[in-house]
Amino acid sequence: MALTLAEKILQEHIVPQACKETQFTKGSPIERGKDIAIKIDQTLTQDATGTMTYLQFETIGIPRVKTELSVSYVDHNTLQTDFKNMDDHRYLQSVAAKYGLYFSRPGNGICHQVHLECFGQPGKTLLGSDSHTPTGGGIGMIAIGAGGLDVAVAMGGGAFHLAMPKIFGVKLTGTLKKGVGAKDIILEVLRRETVKGGTLAIYEYFGSGVESLTVPQRATITNMGAELGATCSIFPSDQKTKKFLEAMGRGSSWKELKADEGASYDKVIEINLDLLEPLAACPHNPDVIKSIKSLEGQPVTQVVIGSCTNSSLDDLESVAAIVKGKHIAPGVEAGIAPGSRATLMMAEKAGILGDLIRAGFRILESACGPCIGQGFAPNSQGVTLRTFNRNFKGRSGTADANVYLVSPETAAASAVSGVFTSAKELQYEDQAYKGGIRQSLLDGGDQRLSSQDILEAALDRGMVIAPLSESEAAKVEILRGPNIKPCPACREYKPSLSLPVALKAGDNVSTDDIMPAGAKMLPLRSNIPEISKFTLTRLDPEFYNRAEKSGFADCIVVGGENYGQGSSREHAALGPMYLGVRAILTKSFARIHKANLINYGIIPLNFKNPADYDLIKQGDTLVLSNIEEALTTGCDFKIEANGKTILAPNDLSERSRAILKLGGLAKYTKAGLN
């Protein structure tokens, strides 16, 4: 039977003994929604989530990681205003040395960009403690974002469990026109599908239009598949992939991968690239899509190019082509953050960096920076155009800023004009569009950057520390700063609970709303008691104070659709757990957040009848009377609220129910279960 590419890779990685609930036959489709368990080949962490991941890994008691390859990156918390962030970096480096991981040092670049350049392999599975791990799908990987505890278990050799996703096909035809970017493709998908359209789904790209896209362009699309709520996104591994890997000095990693002829998708979305126009995601969600044409002429005060979505050499060359010989408009402040040290070196060699500096761009560190509110915040009530992947309110560091997500081409055109401007309307010599450095990644060079220049930059691994031998690793002492605190244990399981409603929230609550990012909070990621003080305070500034006043007594949170969208940060589960949240009742959850709640012993509940949401108000007491029965037999949960019984369908797998009964994934793992 013909299979999609995603199905083929998943089937190659199935761990049958770990998914007892699901019967499958190799070569036949797996029933959608059934629990499956897959072997993880590679893992990645970044420093904002990594410290907690490795604290958990230490408790598992395994002397060395069991994956083929694991990498610890430092790219988030690089703003070092006191000792906390650098203490974390030293801890992460010592853990990598102790347990057999690669360590990518601060300044080496953003984890997803560097992993694509240095480590990613077609056909492999990658699990990362960052929601944009699906970037690896740009070279044909099944790359999935998850909570840090799931990644710790995978590093210990445990399988990763998930519900078998639906496979949505995206058929691309035609070719992008000058001034239209790969970012516009994923914005068009978001326009059609929304931020919850991809929940429990994989987006698989195919069609003649795929052949025209470079690996960095494909990675832009798979990166922002996270904003669809998707499990991951994937492109075939073809000759473009081969040439990219060869240019990175890793041609031996390539193999051809594609869907079988006649493969069937759960649905197919068709996009003609010939007809695609420049788009923008408008405040304050990635699926609020408008055309640049409809926004043209509106003033812009800031432009930032970078993030794991659009910081490749392709992107920088496109920007340089547009701004060359021009200057940033007087009313605009502009910054650019290359995605990796290798990209920065290639841009310097090709003269691109000089073009950007002469145009007036401020060159920022090769790190996440402004994307997570770590510097370069916009002005109050500012209009900032960013090539990033998220524009949640306040994420930029400025509470009342209006953040638009656009392509590098649109960002560059708007930076020099001072207003929303489509690059399609400009006269400029775009070597990237014509195959300049993009083509040099394919056939060996142009007049500015030779294939040897690219190879030298790609193979310069001075900022990556390779794993030590086992004998050397045994001598390593793990370094712990005073801000690094143990991960709090989950609360003890109770067969029934009487829970006051501590907060009632609306739709699309993001992990930024639950546990904010930014320069103030990020250094506290290693200290749950301290960072918990910011839990849900964006939605209710008094949330922590009320929890503290109650003695962190058991409580419940009620939400609307797509609760927990956004980041993979497990702190959005750890903080509520620490403050006493025992269950969350919503209309629907985002995938990673729901998994994180289960991992930390918080029961995720959905309204069977969404209209019941209106029956509950903050301060009510909800009684969960049949937890024991529901977790044992799989029957629906019953919630008594204001004299009425509200039903919550029990969609939890047998394994998830067992994790909740034992009091979280850590206890489940220590009990020798998988």
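Threonine 173 stands opposite asparagine 272 in strand E11. The pair belongs to a parallel pairing of strand E8 with E11 (residues 267–272), made over 6 bridges. This is a predicted model, and the protein averages a pLDDT of 92, with 96% of the residues scoring at least 70.

Strand E8 (residues 166–173) runs parallel to strand E9 (residues 201–206), and 6 bridges join them. Within that pairing, lysine 166 has alanine 201 of E9 as its bridge partner.

Another part of the model is an open sheet of 6 strands, in the order E6-E5-E2-E3-E4-E19, with mixed pairing. Its edge strands are E6 (142–145) and E19 (464–465), each of which pairs on one side only. Within this sheet, strand E2 (residues 42–46) pairs with strand E3 (residues 69–73) in the parallel sense over 5 bridges.

How many of the residues of H5 (residues 148–155) are buried? The count is 8 of 8, so by the cut-off of under 20% relative accessible area the helix is mostly covered. Among the buried residues are Asp150, Leu149 and Met155. Just after H5, glycine 157 takes a positive phi of about 100°.

Histidine 13 sits in the loop between helix H1 (5–12) and strand E1 (35–38). Is histidine 13 buried or exposed? Histidine 13 counts as buried because its relative accessibility is 10%, and the cut-off for buried is under 20%. Leaving aside neighbours within four places in sequence, histidine 13 is in contact with Ala37, Ile38, Lys39, Asp41, Gly123, Lys124 and Thr125. A polar atom of the histidine 13 side chain also lies 2.9 Å from the backbone oxygen of isoleucine 9. Alanine 519 is 506 residues from histidine 13 along the chain, and the C-alpha atoms of these two residues are separated by 39 Å.

One stretch calls for separate mention. Over residues 433–446 the pLDDT stays under 50, and the model has 39 contacts beyond four places in sequence for these residues.

How values were computed. Residues are numbered from 1 along each chain as its sequence is written. This is a predicted model: local features need pLDDT of at least 70, side-chain atom pairs count only at pLDDT 80 or more; totals for chains, interfaces and linings use all residues. Side-chain values use heavy atoms; hydrogens and water are left out. Helices (H or I, at least four residues) and strands (E, at least two) are DSSP runs, numbered from the N terminus. Buried means under 20% relative accessible area, exposed over 50%, partly exposed in between (1.4 Å probe, protein chains only). Contact means heavy atoms within 4.5 Å. A polar contact is a pair of N or O atoms within 3.5 Å; within protein, one must be able to donate a hydrogen and the other to accept it, and residues adjacent in sequence count only if both atoms are side-chain atoms. pLDDT is the predictor's confidence in each residue, from 0 to 100. Two strands pair if DSSP finds at least two bridges between them.
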